[in-house]
Structures are given as structure tokens and as C-alpha cells.
Amino acid sequence: MQITVDTDKCCAAGQCVLVAPEVFDQRDEDGIVVVLDHQPPAELHASVQEAAQICPAAAITLS
């Protein structure tokens, strides 16, 4: 799994951080998503997929 994010689309809702805090964080200055691990281990794939699905801005892409 490879994670990419479109920071221009990110609305700083923070849902990804709530669902997968091992993989996502937010910038202090504006809350925009930061990917901590672009290729997370298999045990985190389910939470990363959920984070991508619930992102209100559809800013997270998985491949």
C-alpha cells in the first residue's frame, strides 16, 4: 500500500488522525494532513483504508 495526499484538497478535519494516528498527523499551523508513513505495514491497512474512505475532502489516495 502506498499513500498519497493532496494537501490542496485537505480541509483539516482530522478524521484520518483519529482513525490512523500511527500513519497520519496534522501540521500545527493549519491542521493540514501530514503522512508519517507512506508505506504502512499490513496491520495498519484497514485503518488507513477507513481513513481514506471517511476523509471529507477525499484528499487521501491509496495504491
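Predicted model: local features only at pLDDT ≥ 70, side-chain atom pairs only at ≥ 80, totals over all residues.
Local features need pLDDT of at least 70 and side-chain atom pairs count only at pLDDT 80 or more, while totals for chains, interfaces and linings use all residues. Residues are numbered from 1 along each chain as its sequence is written, and side-chain values use heavy atoms, without hydrogens and water.

Helices (H or I, at least four residues) and strands (E, at least two) are DSSP runs, numbered from the N terminus. Beyond its neighbours within four places in sequence, Ile3 is in contact (heavy atoms within 4.5 Å) with residues including Val23, Phe24, Val48 and Ile60.

In H2, Ser47, Val48, Ala51 and Ala52 are buried. These residues lie on the same side of H2, because they cover an arc of only 140 degrees around the axis, taken from the directions from the helix axis to the C-beta atoms. Buried means under 20% relative accessible area, exposed over 50%, and partly exposed in between (1.4 Å probe, protein chains only). The face turned away carries exposed Ala46 and Gln53. Cover for the buried residues includes strand E1 (3–5), H1, strand E2 (24–26) and strand E4 (60–62).

Ser47 has a relative accessible area of 17%. Its side chain reaches the backbone oxygen of Leu44 at 3.0 Å. Leaving aside neighbours within four places in sequence, Ser47 is in contact with Val19 and Ala20.

Note on methods
Polar contact = N/O pair within 3.5 Å; in protein donor to acceptor, adjacent residues only side chain to side chain.
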